[in-house]
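Have a look at the model alongside them.

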Amino acid sequence: MPRKSVRNLNHLSSSARDLVPATGWPEEIANKTKITCRCRKCGFETEKSWDMLTNKTVAIHCKLCANAQPVVTKFNSEKATLAVIQYRWNPGKNNANNTVKHNSCAIEYTVNLCAKNHTVTLAHGPMKRLANLPLARRLTSSLLQCVTCQQVQSVYQPTPVDPELIREAQAVWGEKATLTRVTDNTLKLTVPVLANLFPDGYIPWQAVAKTPSGRIKGAIDATLSEARIRALIADDRELIAQTKKLVDTAPLFGAEMRYICFIPRDNDLYRGSGVPAKAPQAKPGILYRYRKATKYLSSWQSYHRVIESNFSRKGIQAEQSWISAAARIMFPKNEAGIETDWTENDRSIIGDNLEIDISTVNLLTHLQGILIEYDGDPSHRNCAETQARDARKEQEAKGLFLRVPQVKNLNAERAANALLAALEKAQHPEKAQFLKLLIVQPDHEAIRREYIELIREKAIRFTRRVQEKIKETAIKVVEEQRYYLPSDEFNYRCATCESLVKSNAKIFIDSGTKHCQVCRGKAIKNNNIKNREDLFACLPVEVQNNVPPEIKNTLVQSGWNSTICCPWCFSAFSLGQSQEKVFSRLEKNNGFRCPLCFNSGEKVTDNIQVANSIAQYDDNIKAILSCAGVSSDSWWKYVSFKNSSSGKEQIFIMLTCASGHKNSRNLRQWRDIFSAKNNAGKVNYCPICAGIAKQDVTQCKHHQRLRRYHPDGVISDVSNPVHIVAASCGETTRIGNVSVVHPPFYLSLNKLAAKIKNSANDNYSYCVCCSELSGKPMPGSDKTLAQLTARLQIRAAIYSTVMKLPTALTDVKITPLDESTVPDKVKSSDKLLFSCYRGEEHIVEKNTFNNFFNPAREGFFKVLMDEAGVKAGVKKFAELKAMYNHRPLIDEAFDGHDLDDRTLGQP
């Protein structure tokens, strides 16, 4: 329950007295009681607790006044005539979701503009910006003009506007563009919009680039800096140059520029001049529309799209047509005076499907005529395969072969010159006979007319293909044209769902579909399902019967690489990425067999990659079972997965001997056992039955060699001296209350035999922990994570003992950065996480083990070694270890456990 307090208005702060409760003061006021109050000055409503109202440290209790008063003070401090006379709360601007508790501060300021007390009302944002302006700029602001008496509160005398700037603006936007000086750095720019002249948005290009009569990107009536105005002029001057380039280029492709429009941006300076009905509005920018060679208007296209498509001529090889037209006019008749017959894109002249761009079939036929290759596509210069194919054409061509390089912005004159240059470079023993038939100075107008006729013929041929495809598919075309070019927009109704399909003519011809993308996808899916059903029926009947129906349905309906679910263990996985791999797996297993549970419902592993590896080793598994005298019909019953000594998950086989002893080994170990001489031809593979585990290690030469370095050393397997085997020093170190079992190490028995012969190796240790404690050199073999962790635990115990910590460091461990993968061997360059806890403090350090244990550095956690330097005056762990080695044994606390005689070499 909130604590009650006596209502006493004397407790209110002076600022809170400006707030009036909406329904009066309650009879009893608790400290946390919410009271709806209205401000006397601005009328703002809010909720306040009694605690807040009586808090005298709050300067202004009204949130709106707290925002408005600094602005008013700053604004009124400059000039008495131009002053804020009132500010009020405007609840009409509040959001509909606002409540009394969370009302927004919509402030309106009333500003006195002149001596006649004419006023203007401003919102908080503009008012705050005006208050921050210098007085000279504030007086010239358009927001503070007195509309009533047309008087601007300014004594500023403007300087003239640069006449050159005015001329530049009118050259770009027309004579109605005006510039007026406002301040030394700002001008008022007024430019009309073209929408007033062209309400439908279809603006002729002449209104922008020839005789400007406004700004296509939108009207301007704003005060801008001179630099900003010059940037706008430069931007539109570039637009004019771009448009004129398209106007000059269009006739080269039989086109004519017609309209221009601007898709507006979300910016006051770029509101545009209206958008035509069919113009795409997805992206702001300038769009053009032109009349194509087919006399139809194009769609609205960007500048780059117009250039890229060659004014809708992309796909009909317009540049090649210029060269072809020039060749027809420059070689009009053959040696017999008959008109030459030219063809394009002929693949029958050379053979092997090699295409000749332009060729004649009746000009000097005994010399195989003229063959022209036009390198217009970039692949002729960039693609090695295309270049090799062009070289073959030139080698195998028997006529006069002309190679014409790409010429940009082709016209009649340039096409003729390009052909003459190619003739000059060409090599042919009878070249002179060809030149006798050449017109060296052709009529350029005749070439242009021939070019237009070629383009018209190509358009007619392409239109026939479109019309034949329309008749073949029986589709409903929207706005059918008389002529089509490959890039023309081609819209039709889907034959299935009647939805509108937007495409172009070339795509329609190439695909030949009469469906929309959705219906086409459904048809393709159903066709694929039918094909998979037919393929599945080709499997042997026995295999089909051993595949569960739900798995068959998933494979047929979703595809061969789809994820299936085992009906026994409910694991999800894929049988393969292709039909061949899936069928091979089903046939090999005589049906479906889950690699994780072998159809038993009990998973032997969760790692599908490891489980799938069984398919690679099933022959090896069967051979091992055969050597053990076990039937291999149900070989998977003997298989399991578990981590090996190296940390990797491997395949293990569990066999039970005649005496009932269970033996679990990985594939390599079983292979070594059955290939060993002492087990050759024997079924008795059990080490217990064979007496291998009961042998006296003192009689084993390998153990005797190891015990020269480690008195209690044990080797796990001495049957194969060639392979690396696991061994242990057999020691456990106890420091204080911490016990550290020395982890196993790995060695080669052959190398052990070689090392024992050299007396210089007597001061050697295979065990990392023994080297750490005795000061012997660290073994040079690969380190495992377990060895490094044990070494860190020993150092942590030494630190705890020497520094006399209340409790030893706990949870001392080393982990890889990616804990999901544990490496078999740790490289010296691998980054690891070294961590421990000192009480509740978690200490973590990222480093390589070489750097962390480096004797030239701290050799332990840097944070802890810094503290050791302060308390014990040591900087390196070697110094700390020396302090531990020379401590009096009498100080060692005895808690009922035997002391380790080998701890740090203590006697």
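1. A contact here means heavy atoms within 4.5 Å. On that basis, residues 24 or more positions apart account for 50% of the contacts in the protein chain with a separation of 6 or more.

2. Some ground rules. This is a predicted model, in which local features need pLDDT of at least 70, side-chain atom pairs count only at pLDDT 80 or more, and totals for chains, interfaces and linings use all residues. Residues are numbered from 1 along each chain as its sequence is written, and side-chain values use heavy atoms, with hydrogens and water left out.

3. On the overall make-up: the protein chain has 30 helices and 36 strands (DSSP runs numbered from the N terminus; helices are H or I with at least four residues, strands E with at least two). Of its 907 residues, 43% count as buried (under 20% relative accessible area with a 1.4 Å probe, protein chains only; exposed is over 50%, partly exposed in between).

4. Now the rings. The count comes to 23 aromatic pairs (Phe, Tyr and Trp rings, the six-membered one for Trp, with centres within 6.5 Å; planes under 30 degrees apart are stacked, over 60 edge-to-face, the rest tilted). F536 and F583 make an edge-to-face pair, because their centres are 6.4 Å apart and their planes sit at 80°. F536 is in helix 16 (residues 517–536) and F583 in helix 19 (residues 579–588), so the pair ties together parts that are 47 residues apart in sequence. F536 is buried at 1% relative accessibility, and F583 is buried at 9%.

5. F852 and F861 are also edge-to-face, at 5.4 Å centre to centre and 80° between the planes. F852 is buried, with a relative accessible area of 2%; F861 is buried too, at 0%.

6. Three strands form an open sheet in the order 34-35-36, with antiparallel pairing (two strands pair if DSSP finds at least two bridges between them). Its edge strands are strand 34 (810–816) and strand 36 (841–847), each pairing on one side only. Strand 35 (residues 832–838) is joined to strand 36 by 7 bridges, and L833 has K846 in strand 36 as its bridge partner.
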